[in-house]
Amino acid sequence: LTEHHHNSTRISPSIPLMMAHLGTRTRLRLGAATVLLSLQDPLRIAEEMAVLENLYPERLIWGFAKGGGSEVRHNHLAGIDTPEAARAALRNHLGQLLNLRAGGTSGVLPLSPVLSPAGRYFIATRDPQTVAFAAQHDLGLMIGHKWRFAEMEALREHYQTHHPRGEAPEMMVSRFFHLGESVEAAADEAAEMMRARHDRMRAAGRATNHQKETDWELLKQESLIGNVAHCHGMIKRLREMGVTHLSMRPVEKDTAAIGRSVRAVTKIG
């Protein structure tokens, strides 16, 4: 689940509410990618997370981020209206949340119910200081669906440099996903769907320029866009790069078609 604000094309401003609803309708694990912790009261988020962890134990994965440019600029919290301020707030708020998870207090009273000490947390960031923060606290990294492999490898190396034991991070990597008869056919179909999506967002006032040509190359070179054999090869490549969790971001809008494609690709045997 993704958190977005001030965006008429999205329906998920509150991840905890959506998770609470979905948890009653499925036994699958639920993931947050991401809670925009820099724009939230960390104590309130910690309480909501603790309630959900008690409702759905061992089913939740938490990702955190600072928020997109528009969300930060229009943020209602005083002093957190620039990317730099939002990054600093993310580290500060996550530090408070980690203290509560470790059995600390909110400064007045202990947290009740308590956060699971075994919960796995990830940070979505390209910022060197925040990557170092993640390493120092043994948190995982989230890699966006448009981030290139070279950047992912550089972030991993920077993380290891700052980890107390030199360990590599758990990495939750998001990739575009579309299944077709061939790599070229799937890439062409995905590009057309993305152009249509761009037009819808532009009509809603959410986009200004067409995506760069390099984005179309990303579809072919570093995404799960192709036939089954290509997607299996890409999954193997991601594993070899140290990826521990994969988030598949469908380009297709038809949920039935998405389901068929996911089943075909994940039936590795």
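## Meeting Glu222

Two residues are in contact when heavy atoms lie within 4.5 Å. Leaving out residues up to four places away in sequence, Glu222 touches Trp147, Arg148, Phe149, Arg175 and Met234. This is a predicted model, where local features need pLDDT of at least 70, side-chain atom pairs count only at pLDDT 80 or more, and totals for chains, interfaces and linings use all residues. Residues are numbered from 1 along each chain as its sequence is written, and side-chain values use heavy atoms, with hydrogens and water left out.

Is Glu222 buried or exposed? Glu222 counts as buried because its relative accessibility is 10% (buried means under 20% relative accessible area, exposed over 50%, partly exposed in between, with a 1.4 Å probe and protein chains only).

## A link to Arg148

Glu222 and Arg148 form a salt bridge, with their closest N and O atoms 3.2 Å apart. The pair links distant parts of the chain, 74 residues apart. A salt bridge here is a side-chain nitrogen of Lys or Arg within 4 Å of a carboxyl oxygen of Asp or Glu. Arg148 counts as partly exposed, since its relative accessible area is 31%.

## Other charged pairs

How many salt bridges does a search of the whole structure find? The search finds 7 salt bridges. One of them joins the side chains of Glu170 and Arg120 at 2.6 Å, N to O. Arg165 and Glu167 form another, with their closest N and O atoms 3.0 Å apart. Arg44, Glu47 and Glu48 are linked in a network of salt bridges.

Conventions: Helix = DSSP H or I, 4+ residues; strand = E, 2+ residues; numbered from the N terminus.
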